[in-house]
Amino acid sequence: FCYLLFLLNILFFQRNNMRTPAVWFCFLFIFFHCLCTYVLMFQLKYGIESITLSFTITSFICYILSNMTISEELYKVRKIKNFNFLPNHLEFDDHFQKHFKEALSNALNSLLDFLPFGFFLLFSFFINENSLTANIILMNVFSLLHSFAQGLSSTLKNYILYSSIGNKHSHQAKIKYVKIFTNVVLILAGIFSIVLITLGGNVTVIYINNSYEIIAKEINDMHYFFTAIMFLDFVSEELEGYVRGINIPNNLIVY
């Protein structure tokens, strides 16, 4: 709950073009969370609960500090643009009725996006401890690379959108940039694929001090399949960035 309130304050900064405090508070949150987790887990020996406890403490501190900053800015300027997070319920009901089909479509899109991850969580309850450990390690690697791919996707989307503004020949810029971008994505995906194939089961050394042979074997048995999935994820993220950039209404069907 504190984290949600903190994010609302960050949104307030962004809406009022107060980018410096927004960036600093995001940085402070990450720094305090890492520091607090280290102290609770390794110094005070609270175990895995340290992560949740650290997250709660850090969220509370950052929320209070960001609130104090907003109060000071309001006191100084008094012309800061305010906004309502929750709209008037009558206006909201009227808007929702008019755009019910669009809202339903967006909800189904979100559900389909989350469905594979939901299945992953469900089936993870039915595998043994070693397989679950191997799965967590691979998902950790995948999440890191997936975030990197999402950044590339967002860059492509923004470039296509911005090149369309006030540019009569924007389609030429789009084609040229997409070609270059596609090559960059394929090269990066290829490099990561080679690294993952080379490491194989040895990737456990990064996460576990004493690399267990059973877990290493589990990872080694599936690392070719995992690498193929990672490569396709890079390609699909680039495609999604292109589809969102050209702003096709039914982008899920096309994607």
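Helices here are DSSP runs of H or I with at least four residues, numbered from the N terminus, and in this predicted model that convention places both Phe27 and Phe31 in helix α2, which covers residues 19–43. The two phenylalanines are four residues apart, about one turn of the helix. An α-helix has 3.6 residues a turn, so residues three or four places apart point the same way.

With its 14 residues, α1 reaches 20 Å from its first C-alpha to its last, close to the 20 Å expected. The buried residues of this helix are Leu5, Phe6, Asn9, Ile10, Phe12 and Phe13. Seen down the axis of α1, these buried residues fall within an arc of 155 degrees, so they line one face of the helix. After α1 comes Asn17, whose phi is positive, near 55 degrees.

Aromatic rings are the next topic, and a search of the whole structure finds 14 aromatic pairs. One of them joins Phe12 and Phe13, whose ring centres are 6.5 Å apart and whose planes stand at 70 degrees, so the pair is edge-to-face, planes over 60 degrees apart being counted in that class. Phe12 counts as buried at 7% relative accessibility, and Phe13 is buried as well, with a relative accessible area of 0%. The rings of Phe27 and Phe31 also have their centres 6.5 Å apart, but their planes are at 15 degrees, so this pair is stacked. Phe27 is partly exposed, with a relative accessible area of 48%, and Phe31 likewise counts as partly exposed, at 44%. Elsewhere, ring pairs link Tyr3, Phe6, Phe29 and Phe55 into a cluster, and Phe6 is also one of the buried residues of α1.

Leaving aside neighbours within four places in sequence, Ser153 is in contact with Glu237, Glu240 and Gly241. For Gly241 there is also a polar approach, in which its backbone nitrogen lies 3.2 Å from a polar atom of the Ser153 side chain.

Terms used
Residues are numbered from 1 along each chain as its sequence is written. This is a predicted model: local features need pLDDT of at least 70, side-chain atom pairs count only at pLDDT 80 or more; totals for chains, interfaces and linings use all residues. Side-chain values use heavy atoms; hydrogens and water are left out. The expected span of a helix is 1.5 Å times one less than its number of residues. Buried means under 20% relative accessible area, exposed over 50%, partly exposed in between (1.4 Å probe, protein chains only). The arc is that of the directions from the helix axis to the C-beta atoms. A polar contact is a pair of N or O atoms within 3.5 Å; within protein, one must be able to donate a hydrogen and the other to accept it, and residues adjacent in sequence count only if both atoms are side-chain atoms. Contact means heavy atoms within 4.5 Å. Rings of Phe, Tyr and Trp (its six-membered ring) pair if their centres lie within 6.5 Å; planes under 30 degrees apart count as stacked, over 60 as edge-to-face and the rest as tilted.
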